[in-house]
Amino acid sequence: MNMADRIQYLRKTKGISQEELADKVGVSRQAVSKWESEQSTPDLEKIIIMSNFFGVTTDYILKGIEPIEDQEQKSKEIASKILYISSTAFVAIGLFCAFGEWYEKQTMEAVWGSMIIQVIGIAGYFIGKLLSIEKAPFYIDWLNIIGIAFMPVSMLTGCISILIFKQGIIAPYPVGVLHIFIFCLAFFMVCLTSFIFIRKRTK
């Protein structure tokens, strides 16, 4: 990892844009872009400002020499990444377990059991957040939200279908043409809204 990579890594770990870093350091966004693409290097004054802002030594930015605490932090960051990915896997497993159990038994106990699996996944996600200041990737946040929202949206739209149109069932996945239609509209809105919200937050 060279100096350009280290500056980019520190910026992304902090969860800020090139423009935000430029404001903190007192340069233009284009200057930060050139630092990260190895077209130029920051002067010593800017390196000192960045080391204070990111909480690292100037030696780390210049040479990549890490104090022991930074090495420990890196281990925590790796663990948090594993937990982030695992959280999405647990959310997906819970979802498919609910589908299979409902198809076979059609009892709410099957749904609650699957939701516990999802809760374990979300607990792992927040433990990952506690371990490291590094934010979860956009796709992890988005997949977790839509994975968790799927069953509640399906059951809610099933309820609407019964109350308004007197047909359908409350199930973890849409059943019947009308239920599927209402679910698709509602779930699309959830996906779109969450996508826009998370994208804005990560910019």
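Predicted model: local features only at pLDDT ≥ 70, side-chain atom pairs only at ≥ 80, totals over all residues.
I placed Leu163 in helix α8, which covers residues 138-165. Its relative accessible area is 61%; I therefore recorded Leu163 as exposed, since the cut-off for that class is over 50%.

**Nonpolar cores.** I next looked up the largest nonpolar core and found 17 residues in it. Val111, Phe150, Met151 and Phe187 have the most contacts inside this core. The elements that give two or more residues to it are α6 (68-105), α7, α8 and α9 (177-202). Of these, α8 gives the most, with six residues. For Met151 I listed contacts beyond four places in sequence: Leu95, Ala98, Val111, Met115, Gln118 and Pro172. I noted another core, lying apart from the largest one, with 16 residues, including Val32, Trp35, Met50 and Phe54.

**Helix α7.** I checked the span of α7, residues 108-131. Its 24 residues reach 35 Å from the first C-alpha to the last, close to the expected 34 Å.

I ended with Met1, found in the segment before α1 (3-14). Met1 is exposed, at a relative accessible area of 58%. Leaving out residues up to four places away in sequence, I found that Met1 touches Arg6, Tyr9, Tyr60 and Lys74. The C-alpha atoms of Met1 and Gly64 are separated by 7.6 Å, although these residues are 63 residues apart along the chain.

Terms used. Residues numbered from 1 in each chain as written. Heavy atoms only, no water. Helix = DSSP H or I, 4+ residues; strand = E, 2+ residues; numbered from the N terminus. Buried < 20%, exposed > 50% of the residue type's maximum accessible area, 1.4 Å probe, protein only. Contact = heavy atoms within 4.5 Å. Expected span 1.5 Å × (residues − 1). Core = buried A, V, L, I, M, F, W, Y, C linked by side-chain atoms within 4.5 Å.
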